[in-house]
Amino acid sequence: MQLIRRAYERFAALVHEVLKFGTVGAMAFVINFGVVNILWALWGSEGTLTAKVIATVIAATFAYFGNRYWTFRHREQSGLAREYMLFFILNGVGLLIELLCLSFSRYTLGLDSLIANNIATLIGTGLGTLFRFWSYKRWVFLAPELQPEAVDQAGPLTTR
């Protein structure tokens, strides 16, 4: 019975984190999507990738603080500088995923309309989000260590 309760508690905690991560991510997406579309409207097709980088940096800064102080606030804090640097390195990988999707659409398929850019951005954002959630939990916002007596009773459990 205790095994089922522990499994339920871990699942409930994961669902809670996913919902909070999704909320922060949705708000960051609105920021990213809004800024990139404004820049695309101002710059035209010449600044497609540059606009995406600028919008992502702005949205990622918002997402860092939202995730640090709301989504993963219960996790250990390993220092603002370390977390922020790792967060932006991992966001760089997520941005690379998004840029690959946008570049493929624009330069390989030859689609450079605003609609094509937005569809490629949605696909890249979805793939990048999966990577970001996994990597933030794994390297940026670390799981709290279990107390020694909890490990003795339950065996080692990690959320990583």
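Contact here means heavy atoms within 4.5 Å. By that criterion, and not counting residues up to four places away in sequence, Ser135 touches Leu90 and Val140.

The structure is a predicted model, in which local features need pLDDT of at least 70 and side-chain atom pairs count only at pLDDT 80 or more, while totals for chains, interfaces and linings use all residues. Residues are numbered from 1 along each chain as its sequence is written, and side-chain values use heavy atoms, with hydrogens and water left out.

Ser135 is found in helix α4; helices (H or I, at least four residues) are DSSP runs, numbered from the N terminus. Ser135 is buried because its relative accessible area is 0%.

Leu49 lies in helix α2, which spans residues 48–71. With 25% relative accessibility, Leu49 therefore counts as partly exposed. Leaving aside neighbours within four places in sequence, Leu49 is in contact with Leu99, Leu102, Ser103 and Tyr107.

**Salt bridges**

Side chains of opposite charge can pair when their charged atoms come close. A salt bridge is a side-chain nitrogen of Lys or Arg within 4 Å of a carboxyl oxygen of Asp or Glu. The whole structure contains 4 salt bridges, among them the pairs tabulated here.

| Pair | Closest N to O separation |
|---|---|
| Lys52 and Glu98 | 2.8 Å |
| Arg132 and Glu98 | 3.0 Å |

The salt bridge between Lys52 and Glu98 links distant parts of the chain: Lys52 is in helix α2 and Glu98 in helix α3 (residues 80–108), 46 residues apart. Lys52 and Glu98 are both buried. The salt bridge between Arg132 and Glu98 likewise links distant parts of the chain, with Arg132 in helix α4 (residues 114–140) and Glu98 in helix α3, 34 residues apart. Arg132 is buried, as is Glu98.

Through shared partners, salt bridges join Lys52, Glu98 and Arg132 into one network.

How values were computed:
Helices (H or I, at least four residues) and strands (E, at least two) are DSSP runs, numbered from the N terminus. Buried means under 20% relative accessible area, exposed over 50%, partly exposed in between (1.4 Å probe, protein chains only).
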